[in-house]
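My entries follow in the order in which I checked them.

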Amino acid sequence: MLIKVNRDKCTGCESCIQSCPFDSIVMKDDKAEITETCQFCRACLSVCPEGAIYEIEEASDRKEKEEGTGVWVYAEQRDGVIAGVSFELLGAGRSLANKLGAEVSAVLFGASEADARELIRWGADRVYHCDDEVVRAFNDEPYADLLSGLIQKYRPEIVLAGATPIGRSFIPRVAARLKAGLTADCTALEIDEDSRNLLQVRPAFGGNIMATILCPHTRPQMATVRPRVMKRGAYDESRQGEIIPVKADNIKSRTKVLETIKEVSDISVNLQEANVIVSGGRGTGGEKGFKLLHELAGALGASLGASRAAVDEGWIPYRHQVGQTGKTVGPKIYIACGISGAVQHVVGMQSSDIIIAINKNPEAPIFDIATYGIVGDLFEIVPMLTKKIKEAKGL
Amino acid sequence: MRIIVCIKQVPDTAEVRINPETNTLIRDGVPSIINPYDTHAIEAGLQIKEKTGGKVTVVTMGPPQAETALREAISMGVDEAVLLTDRAFAGSDTWATAYTLAKAIEHIGADVILCGKQAIDGDTAQVGPEIAEFLDIPHIAYIRKIDEVADGRMVVQRLMDDGYDVVESSLPVLLTVVRELNVPRMSSLKGKMAAKKAEIKKLSAADIGAAEESLGLKGSPTQVRNIFAPEVKKDRKIFEGTAEEKVDALIKELVGQKCL
């Protein structure tokens with residue numbers, strides 16, 4: 001496929017140049033020209049007032065579509081504990097499978113047969129389970145070998161995995177080996193019922209734009225999915241399904257996990273499970289400001305979050321970071337203190353039920369998405385809030 | 001030690017804004033930079049070279065103007081820069097990009113390959129692990145510390161959600177790195193001089209022996225169907241009055257919502 005400009009129709013108005021997210025349109029002799037950095041997103045097609053931009057399909061584009069059936073979910077575990085995102089994927093996978101009239105299978109490496117049963121109660125029809133020593137700790141090569149082998153044998157139509165450090169590390173190897181399309185960090189999934197294609201929505205450009213991605217010709221269609229954005233399905237204690245044991249024969253690893261270190265903090269950093277998060281940005285000015293947030297978090301029993309700006313300044317470790325390049329959270333209450341509300345931060349917390357913004361600048365974009373806003377100095381507001389919350393709670 | 005660092009020239013996404021009327025990106029005046037994670041990969045490459053000796057090569061795939069990013073890397077102290085540029089590369093998704101970079105790395109030769117954990121424009125984090133797969137070598141993602149580089153092996157710390165893993169690998173290996181790994185050095189005056197004079201080696205699809213059907217749009221299993229602006233919600237309550245009145249109003253709302 002190619003995007004072309006009809007030079008006779010082009011009036012040189014430059015509307016298309018602004019519309020291109022990839023900076024791929026230049027003016028040449030007062031006419032628009034599409035350059036080789038074009039990503040074929042079609043954003044310019046609808047913008048042109050003259051209808052001078054069009055797409056043509058090359059003969060080689062028309063490939064035979066590969067076949068496949070069933071929706072697969074890679075269920076991630078660490079130290080034998082299934083990650084929450086696995087249950088969310090089963091919920092999402094179930095609704096995709098219903099639209100396709102297909103079954104849902106889970107793939108579980110490590111953990112126990114009891115855990116495999118849990119996956120069935122959360123919506124899987126079938127679980128491919130391998131509990132061999134070589135897959136108990138996470139190493140990319142054995143995980144990629146085993147999953148690629150299963151996909152080649154059973155040919156699913158869709159494969160979903162969590163966009164976690166584990167999923168985002170080894171799933172690309174699987175996609176590379178199978179020459180499958182893989183879309184990273186999706187926040188919405190739909191089925192196009194005519195083509196049965198999976199429509200994969202994900203943020204790009206630091207969350208400034210959303211893109212819908214397709215894999216029109218290859219199967220399986222693979223996606224990693226951001227934790228905490230999909231809803232879990234119903235849990236059914238009596239649900240029955242099949243567990244298929246898988247052996248990891250002849251599977252080797254050139255990497256070896258020597259040690260696993262859990263980092264504990266005096267305040268919970270388990271942001272993705274938190275009900276209340278108190279988060280600080282550049283406006284906290286440093287450790288002194290974060291100390292106030294720490295006290296507020298203590299009064300609320302909240303976890304402590306931060307914007308990329310605060311992390312980049314070195315005021316707080318990366319694992320507290322919320323946003324496009326940090327964690328995505330969805331607590332009941334999110335209190336943003338001294339955070340301007342750059343899109344990169346907002347995409348990581350906008351699904352919170354209640355957003356409270358405290359910021360000196362009344363024009364800060366964080367107020368656009370806030371449920372409640374206080375324009376003021378956080379060094380004055382936050383200690384007062386801490387004190388009054390303690391009073392309200394009778395502490 | 002032969003070290004290759006893969007870098008990408010990206011728009012500084014922190015500066016990108018949406019025009020709310022047209023739902024399009026405002027790119028005017030947005031500077032092009034080396035992907036910030038990649039600067040940490042360059043620093044890691046230079047530090048490994050300082051320890052073991054050898055040579056650091058930076059590689060990027062992109063249009064001719066990506067040369068600026070390569071010259072900046074040279075000013076930081078890398079020995080050699082390679083630009084993969086060819087019209088056949090246009091429209092590459094992560095699969096085709098990783099294939100192309102892997103063919104180039106094969107052509108150049110490497111013991112350690114370093115990448116930033118992801119690029120800030122695409123945010124996929126897929127190209128690094130995919131390169132390793134094409135080269136049939138191990139990879140470790142999200143490296144926050146390099147503990148050991150010795151003959152034929154490396155020990156590194158891999159950042160995880162709940163802490164970190166200490167992982168050993170044989171060489172050659174590909175590592176993707178996070179910001180905590182190091183502080184990238186500033187360009188020296190000598191480096192800047194070298195960057196001006198340096199010859200950038202250009203390689204085409206034919207030079208690296210890449211198969212045409214695996215390149216660019218043809219070699220890309222994924223396609224962008226459309227793009228749109230993220231939704232923003234509009235109902236909100238901004239409290240008025242003195243600081244104390246505002247805090248009281250907030251507490252009242254939270255009590256009303258049974259949040260306290």
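The entries below go from whole chains to single elements.

**Conventions.** I note that this is a predicted model, in which local features need pLDDT of at least 70 and side-chain atom pairs count only at pLDDT 80 or more, while totals for chains, interfaces and linings use all residues. Residues are numbered from 1 along each chain as its sequence is written, and chains are lettered from A and ligands numbered from 1 in the order in which they are written.

**Chains.** I looked up chain A and found 11 helices and 22 strands, where helices (H or I, at least four residues) and strands (E, at least two) are DSSP runs numbered from the N terminus. Its C-alpha atoms fill a box of roughly 70 × 65 × 40 Å along the principal axes, and 53% of its 395 residues are buried. For that term I use 20 or more other C-beta atoms within 10 Å of the residue's own, with 12 or fewer for exposed and partly exposed in between, the C-beta atoms being placed from the backbone. Of the chain A contacts with a separation of 6 or more, 67% join residues 24 or more positions apart, a contact being two C-beta atoms, placed from the backbone, within 7 Å.

For chain B I recorded 6 helices and 15 strands, a C-alpha box of roughly 65 × 40 × 40 Å along the principal axes, and 53% of 260 residues buried. Residues 24 or more positions apart supply 70% of the chain B contacts with a separation of 6 or more.

**Helix α6 of chain B.** I checked the length of α6(B), residues 243–256, and its 14 residues should span 20 Å at 1.5 Å a residue, which agrees with the 20 Å between its end C-alpha atoms; the expected span is 1.5 Å times one less than the number of residues. Which residues of α6(B) are buried? I listed Lys246(B), Val247(B) and Leu250(B). Viewed down the axis of α6(B), these fall within an arc of 95°, so they line one face of the helix; the arc is that of the directions from the helix axis to the C-beta atoms. The face of α6(B) turned away from the buried side carries the exposed Glu244(B), Glu245(B), Val255(B) and Gly256(B). I then asked what covers the buried residues, and the cover includes β21 (354–359), β22 (372–375) and α11 (378–392) of chain A. After α6(B) comes Lys258(B), with a positive phi near 60°.

**Helix α11 of chain A and its partner.** I followed α11(A) to α7(A), residues 287–300, and found that their axes come within 9 Å and cross at roughly 20°; axes are lines fitted to C-alpha atoms, for helices over the stretch in contact, and angles run from 0 to 180 degrees between N-to-C directions. The two helices are therefore roughly parallel, on a scale where angles under 35 degrees count as roughly parallel, over 145 as roughly antiparallel, 65 to 115 as roughly perpendicular and the rest as oblique. The crossing is left-handed, that is, the near helix is turned anticlockwise from the far one by less than a right angle, clockwise being right-handed. Among the residues making this contact are Leu292(A) and Leu296(A) of α7(A) and Val382(A) and Ile389(A) of α11(A).

**Helix pairs in chain B.** I found α3(B), residues 94–108, packed against α4(B), residues 127–135, at about 55° with axes 8 Å apart, which makes α3(B) oblique to α4(B). Their crossing is right-handed, and the residues that meet include Trp95(B) and Ile105(B) in α3(B) and Ile131(B) and Phe134(B) in α4(B).

I also looked at α2(B), residues 67–76, and α5(B), residues 189–197, which pack at about 145° with axes 7 Å apart, again in a right-handed crossing.

**Pro220 of chain A.** I placed Pro220(A) in the loop between β14 (209–214) and β15 (221–225). Is Pro220(A) buried or exposed? It counts as buried because 27 C-beta neighbours lie inside 10 Å. Leaving aside neighbours within four places in sequence, the contacts of Pro220(A) include Gly68(A), Ile151(A) and Ala180(A). Ile151(A) is itself one of the buried residues of α5(A).
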